[in-house]
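Please keep the sequence and the 3D view at hand while reading.

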Amino acid sequence: MTHDLLTTLRPLLTAEASAEAHATGTEPGDLEQAVWLRLLERLATDGPPPDPQGWLRRAVRAEVRRARRTTRREQPYESDPADDLDRGPEQLALAAARHRALREAVHRLPGRCSRLLQALLSPRDLTYREIAGELGMSQGSLGPERSRCLGCLRRLLAPEVAAREVRG
């Protein structure tokens, strides 16, 4: 039953998401992913909607409104909120060494992890939408991909961090 419902709704969702997404600056795939999640949550709690096509259209519109609200609220930082302006030469040298070690480790990452983390660390302060466009992937996939890449980076850096600790 659920599989049939998903198969039946797929073309309608693709069409609705494509029609609505670009007006909000959202990727159609991200919009589809959000609506599928909403549908699966509904199926788990309330079962299938009585009017699946009507429900799907309303869900797409609701996700578009949510995306608009989110976009309106997002604002870039004026400066780095954790920036410590009173750093001496020693702190600057240590920070530079940490940044260098981080960038070297990022370059050693496998697959597209290196490109993703380089984009996230970019001084251009790219948005997820811009990064997704540069990497040719869905904006909704960036979070999970970023998490996997950061886990890989942690494993890569763990031996280096452990080796540099002062012991005594």
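A residue is called buried when its relative accessible area is under 20%, exposed when that area is over 50%, and partly exposed in between, using a 1.4 Å probe and protein chains only. This is a predicted model, in which local features need pLDDT of at least 70 and side-chain atom pairs count only at pLDDT 80 or more, while totals for chains, interfaces and linings use all residues. Residues are numbered from 1 along each chain as its sequence is written, and side-chain values use heavy atoms, with hydrogens and water left out.

**Disulfide**

- The structure holds 1 disulfide, a term used here for a pair of cysteine sulfur atoms within 2.5 Å.
- Cys113 and Cys149 form this disulfide, with their sulfur atoms 2.2 Å apart, and Cys113 is buried, as is Cys149.
- The torsion about the S-S bond of Cys113 and Cys149 is about -80°, so the disulfide is left-handed.
- Cys113 lies in helix H5 (residues 113-120) and Cys149 in helix H7 (residues 139-164), so the pair ties together parts that are 36 residues apart in sequence; helices are DSSP runs of H or I with at least four residues, numbered from the N terminus.
- The sulfur of Cys152 is 5.6 Å from the closest cysteine sulfur, that of Cys113, which is too far for a bond.

**Salt bridges**

- A salt bridge is counted when a side-chain nitrogen of Lys or Arg is within 4 Å of a carboxyl oxygen of Asp or Glu, and by this rule the count comes to 8 salt bridges.
- Arg66 forms a salt bridge with Glu63, their closest N and O atoms being 2.9 Å apart; both residues lie in helix H3 (residues 52-73), 3 residues apart, about one turn of the helix.
- Arg66 is partly exposed at 38% relative accessible area, whereas Glu63 is buried at 6%.
- Arg112 pairs with Glu145 in a salt bridge whose closest N and O atoms are 3.8 Å apart; Arg112 lies in the loop between helix H4 (89-107) and H5, and Glu145 in helix H7, so the pair ties together parts that are 33 residues apart in sequence.
- Arg112 is partly exposed at 39% relative accessibility, while Glu145 is buried at 12%.
- Glu134 forms a salt bridge with Arg124, the closest N and O atoms being 2.5 Å apart; Glu134 is partly exposed at 44%, and Arg124 is exposed at 54%.
- Salt bridges that share partners join Glu16, Glu20, Arg57 and Arg61 into one network.

How values were computed. Helix = DSSP H or I, 4+ residues; strand = E, 2+ residues; numbered from the N terminus.
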